[in-house]
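The sequence and the model come first, and the description follows.

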Amino acid sequence: MDFSYSDEQRMLAETLERLVADQPAVERSASQLPPATREPSPLWQTFAELGLLHMPFAESVGGLGGDGTDLMIIMQALGHGLVPEPYLAGLLLPGDLLARLATPEQRDRWLTPLLEGEHQLALAWQERDARYDIHAVTTSAHRQGAGWRLEGAKQLVMGADLAAAVLVTARIADEGRDVERLGVFLLPSSTPGLTRHNYPTIDGQPASDLVLDGVMLDEHACLSENAAAALDATFAVGIAALCAQAVGAMQASCEQTLAFLKERRQFGTPLSTFQALQHRMVDMHLHLEQARSMAILAATSLDLPAPERDYRIAAAKAYCGESARFVAEQAIQLHGAMGMTEECLVSHYAKHLVMFDHYLGDSDYHLEYVSERLSAA
Amino acid sequence: MNLTFTAEEQAFRHEVRDFLATSLPAAIRERVRLGRRLSADDHVRWQNLLSQRGWLGANWPEAHGGPGWSPVQRHIFDEECAAAHAPTVVPFGVSMVAPVLMKFGSDAQQRHYLPRILDNRDWWCQGYSEPGAGSDLASLRTRAERDGDHYVVSGQKTWTTLGQHANMMFCLVRTDPAAKKQAGISFLLIDMSSPGVSVRPIITLDGAHEVNEVFLDEVRVPLANRVGAEGEGWTCAKFLLTHERTGIAGLGHAKQALRHLKSVAAHVQQRGRPLLEQPSFRQRVVKAELELMALEVTNLRVIAAARDGGVPGAESSLLKVRGSELRQELSDLTRRALGPAALPFFPDFLHADTELADAEQREAAAASAQYFNRRKLSIYGGANEIQKSIVAKTILGM
């Protein structure tokens, strides 16, 4: 049992802390979209130079072999600074899935430049009637000679407009085959038949709906015809990362709120002297620390057997979703009317923390997962 | 970072488990399992067995006859004891006055009292709260005036847990009425058989006799029974409040309570199905499970910090708040799970030796009384609101 960082991890945390602190906060806050260009931002290039983009990937695919704790350190720092660079959507989720499924040739073509910061990718998994279920896919892949034809639609594909290519989940729909199988296909963004409808999310992320209308692909576009287990593993990594990011943002919200309470005076005294506000602030702190524990649980569960891993991951996401919303709501309340304004940094964190629940499955969704598997003993 | 116990720690867990399986008397185990009250003899019998094994002073260093366990080992021991339905060791001697004596007591006091605690010759109780001094403990008014080589102590203590069995009390008294609130307080050891000491039971809402009022009427206490210097009693009291509080979350008890809740809810039928399979009740259980998972990791974080030389201070306030809330929630859910079976009240079964023939009534008998009893968890040892004020002040600097 050990909750301490290694020397390397301490250095990683310090490096990130400095890097994030150097970013001008409000201008870069996630409610303001990064420019719609596929050129990596200067910060992303710095990430690449520091090896941060290599960190969460195995050495066998060209990564640095970081573990769940390394990933947690990175995501906590990015969450703390509300850094808009799409580490999760543009790098981690598509990269992790690629690393699990790609042939050496596919890796060279797509994963290596991803880790070098030369391009970003996107993962298209969500469909309109599927809510958060990664296995409920109606987009279909039909064998067409040596290649494939894809039909269907995806929604909320984060960062698709900035991505050099999109990984798309599709049901393998060949005659006489096992129809339960999930495939993953790689579509360069210029693929004919693939159209994007771009929009921002309320917390300032660039998203797209995709329509796949008779998209013709050659055989090399297929990463896997049987990707269900790999998808589960990738989502476990993604959810652990997301929880850590939320913890970072929760911590920043607590710090900002505490500083505000000490500074703001009413009735001739700092707000921090009022017991009702003190206890509310302590409740935020309690939620933060309990959520941090769950993020640690998630980060240290990634190498467990799938059923145990996914139980803990779901528990962590369900728990952190509730905690994040609590912290966001209290942060706004304790800032008073100022907390309602776009000008106030805490409002941007609040949007991120509330909408955090809508990414990769919300509290109700994951609570249901835990409930279905609750041991009776 | 990892959450796994070492091979040595796991071996230790098995050693504790084996000891509990072979040494805990079945009758005592069954009384604890059913939530029945233990007699003084039950407590002493179990604590003698622990003492013989060398495990009574779980938090004591080897120099004083303890096993010298790490915080992790103590945590494992607590968990296994709760899982095996072992009685909780009465804390007032072993884990409250003993650390104060080790830190502030004279050689003579240590030589006299520590061995007597370790072999259960003395039963200690705590003389802290007064009718006018609860959360505001430093406003206590029991006074001690010097008369030769004695103090003459007069006043009233209350909420004295298991004081009816105690022969010794450690007591906060005011030795200097002119000094500022905390400054005039001293820490005295009082023989409960001294003339002028009387104990009156307070019956709590669950029908239990757990706490007492203690009246002190011109009780003569030798000066030699003062721990630390005169006027430094508050330092002892504060030390006690922050000392070794890694067990404060009651995690072992919470885990056991959740296991019990699940077994009740899996057994109880409603409209032809187990209650545990019904969505609204099941969701409450799931939420308690998640809270327990989070609390367990938070608890391990504090234990690891203590093991690595940190002093568990205000973090233990967080554990106390969340741990007490969770245990209260679990006792609430267990009572609700039992439904109509939670209504009958059999005090003679719970408190005395009258048996209940009906097995179902026997299993359900303690649930409601325990629910009411558990309300104390957020009140004693510094009410949760006090804990929050401590966190606001010491962690958040408000």
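## Annotated spans and domains

An unreviewed UniProt entry places the annotation "domain: Acyl-CoA oxidase/dehydrogenase middle" on residues 125-217 of chain B. The model shown here is predicted. In chain B, the span 125-217 is 49% strand and 0% helix, and its end C-alpha atoms lie 18 Å apart.

For chain A, the UniProt annotation "domain: Acyl-CoA dehydrogenase/oxidase C-terminal", again from an unreviewed entry, covers residues 234-374. Residues 234-374 of chain A are 76% helix and 3% strand, with 23 Å between the end C-alpha atoms. The table sets out the two spans.

| Span | Helix | Strand | Distance between end C-alpha atoms |
|---|---|---|---|
| Residues 125-217 of chain B | 0% helix | 49% strand | 18 Å |
| Residues 234-374 of chain A | 76% helix | 3% strand | 23 Å |

The domain assignment of chain A gives domain 1 (7-120), domain 2 (123-226) and domain 3 (229-376). Between the C-alpha centres of domain 2 of chain A and domain 3 of chain A there are 31 Å. Nine residues of domain 2 of chain A and nine residues of domain 3 of chain A make up their contact. On the side of domain 2 of chain A that touches domain 3 of chain A, four residues are nonpolar, three are polar and two are charged.

## Contact between the chains

Chain A and chain B also meet, with 30 residues of chain A in contact with 33 residues of chain B. Helices α7 (228-263), α8 (275-299), α9 (306-335) and α11 (363-373) of chain A each supply at least two residues of the side of chain A that touches chain B. Among the contributors to this side, α8(A) gives the most, with 13 residues. The side of chain A that touches chain B has 18 nonpolar, ten polar and two charged residues.

## A helix of chain B

Helix α8 of chain B (residues 251-267) has 17 residues. From first to last C-alpha, α8(B) reaches 24 Å, close to the 24 Å expected at 1.5 Å a residue. The buried residues of α8(B) include B:Leu251, B:His253, B:Leu258, B:Leu261, B:Lys262 and B:Val264. What do the buried residues of α8(B) pack against? Their partners are α4 (71-83), β10 (273-274), α9 (279-307) and α10 (315-338) of chain B.

## Strands and backbone angles

In chain A, strand β6 (residues 194-200) and strand β7 (residues 206-217) run antiparallel and are joined by seven bridges. A:His197 has A:Asp209 in β7(A) as its bridge partner. Five residues lie between the strands of the hairpin of β6(A) and β7(A), where A:Gly204 takes a positive phi near 85°.

Most residues other than glycine have a negative phi. A:Leu156 has a positive phi, near 50°, and is not a glycine. A:Leu156 is found in strand β3 (residues 147-158) of chain A. Why does A:Leu156 count as partly exposed? There are 19 other C-beta atoms within 10 Å of A:Leu156, whereas a buried residue needs 20 or more.

B:Arg271 likewise has a positive phi, of about 50°, although it is not a glycine. B:Arg271 sits in the loop between β9 (269-270) and β10 of chain B. Is B:Arg271 buried or exposed? B:Arg271 counts as exposed because it has 6 C-beta neighbours inside 10 Å, and the limit for an exposed residue is 12 or fewer.

Note on methods
Residues are numbered from 1 along each chain as its sequence is written. Chains are lettered from A and ligands numbered from 1 in the order in which they are written. This is a predicted model: local features need pLDDT of at least 70, side-chain atom pairs count only at pLDDT 80 or more; totals for chains, interfaces and linings use all residues. Domain bounds come from an automatic or database domain assignment. Two residues are in contact if their C-beta atoms, placed from the backbone, lie within 7 Å. Ala, Val, Leu, Ile, Met, Phe, Trp, Tyr, Cys and Pro count as nonpolar, Asp, Glu, Lys and Arg as charged, and the others, Gly among them, as polar. Helices (H or I, at least four residues) and strands (E, at least two) are DSSP runs, numbered from the N terminus. The expected span of a helix is 1.5 Å times one less than its number of residues. UniProt positions are given in the numbering used here, feature names are shortened, and annotations may be inferred rather than shown by experiment. Two strands pair if DSSP finds at least two bridges between them.
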